[in-house]
Amino acid sequence: MQNVDVLLGLQWGDEGKGKLVDILSPSYDIIARFQGGPNAGHTLIFNGKKHVLHTIPSGIFREEIINLIGNGVVIDPVILMHEIQKIEAEGIEVKNRLILSKRAHLITPSHRWLDAASEAIKGKNKIGSTLKGIGPTYMDKTGRNGLRIGDIEQNNFKEKFDQLYQKHLQLLKFYNWTEIKEEQIQEWFKSIEFLKQLQIVDGEHYINDALSKGKKVLAEGAQGTLLDIDFGTYPFVTSSNTITAGACTGLGIAPNKIGSVYGIFKAYCTRVGSGPFPTELKDELGDSIRNVGKEFGSTTGRPRRVGWLDLPALKYAIQLDGVSELVMMKADVLSQLETIKVCTHYHYNNHVIDYLPYDISADNVTPIYQDLKGWQKDISECKSKRQLPKALLKYIDFIQENVGVKISYLSVGPDREQIVKL
Ligand code: GDP
Ligand code: IMO
Ligand code: MG
């Protein structure tokens, strides 16, 4: 009997999960997404080509690997269809290696309209959602009104859809939202027909059977721990459990079946969308890191906010996720800097604390930094630990000592080949 390994983001998303799943996937038989939806954008770069995945797990470019979209995921069938068609256009077979759980919920066009309407009414307090309909779809899931992949084969699917759609139209009236685009509904139904070509299974049986046959499974997180619906910077979060526990509910595996947990973080921090960000750099240095790191959203193209590494936040994430191995990404982006700051503590209510309190807004916490020496050397060609500059090894040691977990891999560039095993 095998365990399920989990790989997830420890910050506010976009840590580089896609790249690492792609690197680790040859050691696995199944890669499984367990939460989120097309709000995710996971980038893989190999053979000089860039691919961005939104719903499909990042094992899809490796032959022989099965990619499962678990029950915890919300699926926009139109986006998924386009994603499949785009990859198949490159001559890669997708349909026989992509499997959907019957229990995964469907995002409808009216979920997206509701997302937009809800953001519009919030004005300057908006969440900064990707507007993919994530929040409204999970609301219908927990409100017990949702449509699931398993419903598409049933005779009353159209009826179920209409019921939900009528409810959404009422809600949209309440929001004074008038951009109702009927043609999107037609397209949606076409994409539903397309999805019927895929293997649709009871995901929980599928995965537990696979484990009992000795198959190796890697669960691929989306978003990041600080965007978790329970433990993130609420309300500026996504609508699912992004933490390791989400892999249990989002795939149907028991907690005692969780194996290694890979926690992915950047050598600094980024955040896209609204919400508190204690170590944010709102100056030219922030702009420069954004440009060097190409910190623009993979899904929306929005500029990402940039700041220093935040250790209280990282420790919080490591604890919630039970991280057994850390992976540090994008160290190369800091290579120019003479000095690198790391937040080790916060000033909070006239105290100095080293943990993440309930409210991390700027009125409440002020970061306390330690200065570390930069390495000022190009590391993008480094292949082994021996080749890494001393100052970078010190940066790594400093983080490991503070958080108490080993960093197993260091990513030194966006390409599949740019990875150093430590
Ligand atoms: P994900 O959502 O966690 O999969 O991450 P994204 O794909 O949204 O964002 C990560 C971005 O950083 C992508 O553009 C990657 O190509 C890029 N990237 C990943 N690792 C590295 C790295 O080590 N160095 C640099 N410079 N870029 C990286
Ligand atoms: P990956 O998997 C970064 C952010 C949005 C917004 C908040 C809520 O690529 O790391 P939602 O669309 O879920 O209602 O948006 O969460 N967000 C992400 N930020 N990476 C992501 O995914 C994200 N998915 C959602 O910007 O602040
Ligand atoms: Mg991303």
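I note at the outset that I am working with a predicted model.

**Backbone entries**

I started with a loop, the one that runs between strand 10 (217–220) and helix 8 (244–251), and found Pro235 placed there. I looked up the peptide bond that leads from Tyr234 into Pro235, and this bond is cis, its omega lying near 5°.

I then turned to the loop between helix 4 (134–142) and helix 5 (157–174), where Arg144 has its place. For Arg144 I noted a phi near 65°, which is a positive value in a residue that is not glycine. I flagged both entries because most residues other than glycine have a negative phi, and most peptide bonds are trans.

**Helix 3 against helix 4**

How far apart are the axes of helix 3 and helix 4, and at what angle do they pack? I found the axes 7 Å apart, with helix 3 (residues 109–122) packing on helix 4 at an angle of about 115°. I recorded the crossing of these two helices as right-handed. On the side of helix 3 the contact is made by His111, Leu114 and Asp115, which meet Ile134, Pro136, Thr137 and Asp140 in helix 4. Sorted by class, the residues of this contact come out as 3 nonpolar, 2 polar and 2 charged.

**Helix 10 against helix 11**

I next looked up helix 10 (residues 311–321) and helix 11 (residues 390–403), whose axes come within 10 Å of each other and cross at roughly 55°. That angle makes helix 10 oblique to helix 11, because it falls in neither the parallel range under 35 degrees nor the perpendicular range of 65 to 115. Here too I wrote down the handedness, and helix 10 passes helix 11 in a right-handed crossing. The residues that meet are Leu311, Leu314, Lys315 and Ile318 from helix 10, and Phe398, Ile399, Asn402 and Val403 from helix 11.

Which residues lie nearest the centre of the second largest pocket? I listed Ile45, Gly293, Lys294, Lys330 and Pro414, out of a lining of 30 residues. The volume I noted for this pocket is about 660 Å³. Among the elements that each supply at least two residues of the lining are helix 1 (17–24), strand 3 (42–46) and strand 4 (49–53). My last entry gives the lining by class, with 7 nonpolar, 12 polar and 11 charged residues.

Conventions
Residues are numbered from 1 along each chain as its sequence is written. Chains are lettered from A and ligands numbered from 1 in the order in which they are written. This is a predicted model: local features need pLDDT of at least 70, side-chain atom pairs count only at pLDDT 80 or more; totals for chains, interfaces and linings use all residues. Side-chain values use heavy atoms; hydrogens and water are left out. Axes are lines fitted to C-alpha atoms, for helices over the stretch in contact, and angles run from 0 to 180 degrees between N-to-C directions. Helices (H or I, at least four residues) and strands (E, at least two) are DSSP runs, numbered from the N terminus. Angles under 35 degrees count as roughly parallel, over 145 as roughly antiparallel, 65 to 115 as roughly perpendicular and the rest as oblique. A crossing is left-handed if the near helix is turned anticlockwise from the far one by less than a right angle, and right-handed if clockwise. Contact means heavy atoms within 4.5 Å. On a 1 Å grid over the protein atoms alone, a cavity is a set of points where a 1.4 Å probe fits but cannot get out, and a pocket is an open set with protein on both sides within 12 Å along at least five of seven lines; lining residues have an atom within 4 Å of a point. Grid points are joined across faces, edges and corners, and a volume is the space filled by probe spheres set on the points. Ala, Val, Leu, Ile, Met, Phe, Trp, Tyr, Cys and Pro count as nonpolar, Asp, Glu, Lys and Arg as charged, and the others, Gly among them, as polar.
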